Amino acid sequence: LATAQINVILITQSSSEHSICVGVKEADAFVAKSLIDATFASEISNGYLDPLAVETGLSVVAVVGENMKSHPGVSGKMFGTLGRNGINVRAIAQGSSEKNITAVLSERDVKKAVNVLHETFFETTYKQLNVFIAGVGNVGGKLIAQIAQQFNYLQDNLRLQINFVGLANSKQFLIQEEGIDLSNWKDSLSKAPLHGLDAYVQAIREKNLRNSVFVDVTANKDVAMVYASLLEKSIAVVACNKIACSSDYASYVHLKSLARLYNTSFLFETNVGASLPIIGTLNDLIRSGDKVNKIEAVLSGTLNFVFNNYEGGKDGKSFAQVVRQAQEEGYTEPDPRLDLGGTDVMRKVMILAREAGHPLEMDAIENESFLPASCFNGTVADFYDEMEKQEAHFKKLYDAALAAGCKLKFVAKFENHANGQGTAKVGLQHIQPSSDFYHLYGKDNLVLFYTERYPELPMVIKGAGAGADVTASGVFADIIRAARA
C-alpha cells in the first residue's frame, strides 16, 4: 500500500490474528485490493488466506479527548450510545495513549452517530427525542397538548427535548425533521399529501433519526403490524393500541424479543387501565421474584361507567342511551361492541397473564357474555337499534341484581393453578356490598393482585381506567420511559 502511495487511515487486528482490517479512502479501495491480492497470490492459491474483502459506504467517527484513560467507561459509554440507536460498528481502533477512540460505521449513520455522541458526552446539551405519532384523534390530540404544556418542564428538569417529527392520521402524514409547530399542527397535517401507513413507516425508517419513538394511539390492526419493522431499526414503540400484545402469543413474544435484540423499548402500559400503573407494577413484582397466584379485576372503564349509570330505565335512560353517552364522552372503543361483548376485557386480562409469564391465548379465555347475540350483527348503528329492542333483557339483569342487594360489574379473573397452568374468564357478576368491587364508581378500574407476598390481602390498584386525558397521560409517561431507557 505504501509503495502505491495509498494512505492508511486506520488499522485494527484482534489478538487471534484471524484478520487484519485496514481503512483507506474509498477511491483507493479496489486498487488496494488488486495490489494485495497480487502480493499474497501464493498464500491465496494455497488456501492460507482468503482474497481481500472490500466494504464500501463506510465512514470513520472518533471521540477525541485528553486523559480518557483516567476516566473508566468512556468506550462503553460510546459504544452503548451507538448500540441503543441501532448503529452497527464495523471496526474499532484505539491507541495506547487513549486520546482517541475510532469506530467505522455506515456512512448513512454518521449524522445520527455524531448527534447522539454529542448528547452523551457534552452534559450541557439536551437529549432530543424524535417522536412520530400515528393517530391524532381524541387521545392523540390530548397527548400533543400535554407534551406541549410540559415542554419547558421536561427541558429544564429532565434535560429532555421532545421533538414532534411526524404526525399521521388514516389518510395522510406529515414529517418535518426540524420539528412540527404544535400551535397549528392540525392545519399543517390537513395540507399534507395523501399517503398511507406503509409510506409513513418507510419514511421513518429512512430518516434514521436518533432517539426515535413511534407512538401508536390508534385501535388499528394494520398499525400494530408495523411494530416489528420499526423495532428492527432500534426505533422504540409506545403502544396504546392493544391489538399487538393481544394477538397470538408467538407474535407477542417476537415483538418483546426484538426490543431486547435491538436494544430498544416496547412499552404498552396503557393497554390495561389507561394511565394506572398496572403492567409496570406487575413487572416489578415478577422481576423481584414474586409469583402471581390470582388476579381479579374490573378492567373496563366503559362497562363500569355503563353499569354505574344504568338504573333499569327508571331515570328515563335506556341501556342503549347510557352506552351512547359513554361513547360520546370518549370511554369506549370506536366499536362499543368490543367493550360490551367482553373482547376488550379479554384482551386486557390476557396481556396481564402473559406479563405474569403464562402463554395464554384468546380462545382459552371463558367469556360469559351478557349481550344478546343479535346485538353483534350489522353496523354500530344497527347495534344501538338492536339494544333499544332488547331493553327488557337489560332491565331484567339490573332488577335481578337489585333484588339480591348487589351491583352489576363485569369482572375478569386469572388464576395460576398448582400445576402451573393458568386459566382466565370474564363475565357479568352480582357484586355483594362486602366486595372490593362494590364501591367502584364512575369509569374507575380496580385490580387485585394475589401473590406469594400478598396471599390474602391483595395489592390493590384503583383509579380512572378510561378517558382521553388519562390515557394520553399514560402514553406520555411511556414516552418519557423510552427516553430514559
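Predicted model: local features only at pLDDT ≥ 70, side-chain atom pairs only at ≥ 80, totals over all residues.
## The open sheet

Let's start with the strands. Six of them make up an open sheet, and they run in the order β8-β7-β6-β9-β10-β11, with mixed pairing. At the edges sit β8 (173-175) and β11 (266-267), each of which pairs on one side only.

Further in, β6 (residues 127-134) lines up with β9 (residues 212-216): the two are parallel and share five bridges. If you want a spot to look for, find F132, which stands opposite F214 in β9. Helix α5 (residues 138-157) packs on this sheet, where it touches β6, β7 (160-168) and β9. The direction of α5 makes about 160° with that of β7.

## The largest pocket

Now for some open space. The largest pocket holds about 1,400 Å³, and 40 residues line it. Nearest its centre you'll find I20, C21, V22, L52 and A53. Several elements give two or more residues to this lining: β1 (10-13), β2 (20-23), α1 (29-39), β3 (58-64) and β4 (89-94). Helix α1 provides the largest share, with six residues.

What is the lining of the largest pocket like by class? It splits into 26 nonpolar residues, seven polar and seven charged.

## Two cavities

The structure also has two cavities of 30 Å³ or more. The largest cavity has a volume of about 50 Å³. Its lining includes N85, K112, R205, S212 and K233. By class, that lining has three nonpolar residues, five polar and four charged.

The second largest cavity comes in at about 30 Å³. Here the lining is made of F307, Y310, F319, F370, F394, L397, Y398 and L408. Those residues count as eight nonpolar, with no polar and no charged ones among them. Helix α17 (residues 391-403) gives the most to this lining, namely three residues.

## A look at E206

One last stop: E206, which lies in helix α7 (residues 197-207). Is E206 buried or exposed? Its relative accessibility is 52%, so it counts as exposed, given that the cut-off for exposed is over 50%.

E206 and K233 are 27 residues apart in sequence, and their C-alpha atoms are 9.7 Å apart in space. K233 has come up already, as one of the residues that line the largest cavity.

Key. Residues numbered from 1 in each chain as written. Heavy atoms only, no water. Helix = DSSP H or I, 4+ residues; strand = E, 2+ residues; numbered from the N terminus. Buried < 20%, exposed > 50% of the residue type's maximum accessible area, 1.4 Å probe, protein only. 1 Å grid on protein atoms, 1.4 Å probe; cavity = no way out; pocket = protein on both sides within 12 Å on 5 of 7 lines; lining within 4 Å. Points joined across faces, edges and corners; volume = space filled by probe spheres on them. Nonpolar A, V, L, I, M, F, W, Y, C, P; charged D, E, K, R; others polar. Pairing = 2+ DSSP bridges. Contact = heavy atoms within 4.5 Å. Axes fitted to C-alpha atoms, helices over the stretch in contact; angles between N-to-C directions.
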